Amino acid sequence: MPAIHRRPRWAVAEHAATPEDVFANRRTILKGLGLGMGAIAGAGLLPGMARAQGGDDAAARTAALYPAERNTAYTIERDVTPEDVSSAYNNFYEFGSHKQIARAAQALPTHPWDIEIDGLVEKPMTIAFEDLAKRMPLEERLYRHRCVEAWSMTVPWTGFPLSALVALASPLSSARYVRFETFNDPSVAGGQKQVWYPWPYVEGVTMEEAGNDLAFMVTGVYGKPLAKQFGAPLRLALPWKYGFKSIKSIRRISFTEERPVSFWEEIAASEYGFWANVNPQVPHPRWSQAEERVLHTGETVPTQLFNGYGEEVAALYAGLESEQLYR
Ligand SMILES: Nc1nc2c(c(=O)[nH]1)N[C@H]1C(S)=C(S)[C@@H](COP(=O)(O)O)O[C@H]1N2
Ligand SMILES: [Mo]
């Protein structure tokens, strides 16, 4: 954890930035309907994942792929957040609704880890994570990350362009969105026992967004395989969007005609929309997005439109001005 820094006047306490009040309402509503938590407990859970021991996980099995060469096109001006800081301050609600989930996340078995690719594709397939990582062109990129809670970090991700995975999947021309789904196993992820959350975690992008060079499938960080708290073995990084779009520990990738409803959108659509592009001028309903607290330094800096990636992505949103693009 970084040292405690003086909190600027505009900042919200992080617990205030998590929509617990929304969950409380949800609970009340369910009660009012005569549906106790028990009534929905256990509904819709996928079969438990096979357990494996730590020495035989995805990281050990792909260690030889690291470090990958840095792609200098994605180098940026900010200092890299120290690894001990970013790996001890994580959002991963499957393991708890606070930042100190690193230890609990070590319980996640990452081998075997099959990824399903389905929906509107020429041929649905299941591919082992290891095989996918070995097949894809791995490179390192330095990216900024801006959480909707108004903190940010800069990390060297290793991975491959999402467009390479789209090419592998051969989507049909009717596919308009890519939908991502996280594992669902309450027996290893205690947060998933909190049945008022709409597990599994889901996220989505348009096909155009998926084809943008910046959209990156992450398999490693700091020159090593991804540590579990970062979303091992495979996560997304969409640096121009709020951090919640960068879904962790992906098990399923589906091509759809309908726009996916994401985890946070399902919880509070007015606060966390589908697009969620970073914009300092559009406040979250409960706090400002004008500035951000830089992890580790504690410095407060102005937030940039599209998190500073406007040159690469602004064209994706031409003609969509009627949409709620920035929340
Ligand atoms: N499956 C899943 N993915 C997730 C989350 C989560 O709770 N579960 N949190 C999101 C949020 S809000 C952020 S800011 C980033 C945090 O990534 P980090 O812990 O690597 O910094 O992961 C995103 N991806
Ligand atoms: Mo976030």
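# Reading aromatic rings and one glutamine

Biologist: Why does Trp113 count as buried?

Modeller: Burial is read from relative accessible area, taken with a 1.4 Å probe on protein chains only, where buried means under 20%, exposed over 50% and partly exposed in between. Trp113 counts as buried because its relative accessibility is 2%. This is a predicted model, in which local features need pLDDT of at least 70 and side-chain atom pairs count only at pLDDT 80 or more, while totals for chains, interfaces and linings use all residues. Residues are numbered from 1 along each chain as its sequence is written, chains are lettered from A and ligands numbered from 1 in the order in which they are written, and side-chain values use heavy atoms, leaving out hydrogens and water.

Biologist: How many aromatic pairs does the structure hold, and how should I read one?

Modeller: A pair of aromatic rings is described by the distance of the centres and the angle of the planes. Rings of Phe, Tyr and Trp (its six-membered ring) pair if their centres lie within 6.5 Å, and planes under 30 degrees apart count as stacked, over 60 as edge-to-face and the rest as tilted. The structure holds 24 such pairs. One of them joins Trp113 and Phe183 edge-to-face, with 6.1 Å between the centres and 75° between the planes. This pair links distant parts of the chain, 70 residues apart: Trp113 is in the loop between helix 6 (102–105) and strand 1 (114–119), and Phe183 is in the loop between strand 5 (177–182) and strand 6 (202–206). Helices (H or I, at least four residues) and strands (E, at least two) are DSSP runs, numbered from the N terminus. Phe183 is buried, because its relative accessible area is 1%.

Biologist: Which charged residue lies over the face of Tyr74?

Modeller: A charge sits over a ring if NZ of Lys or CZ of Arg is within 6 Å of the ring centre and within 35 degrees of the ring normal. Arg141 lies over the face of Tyr74, at 3.9 Å from the ring centre, and the charged end of Lys99 sits over the ring of Tyr89, 5.6 Å from its centre.

Biologist: Which residues does Gln106 touch, leaving aside those up to four places away in sequence?

Modeller: Contact means heavy atoms within 4.5 Å, and with that exclusion Gln106 touches Lys228 and Gln229. Gln106 and Gln229 are 123 residues apart in sequence, yet 7.3 Å apart in space, C-alpha to C-alpha. Gln106 is found in the loop between helix 6 and strand 1, and counts as partly exposed because its relative accessibility is 42%.
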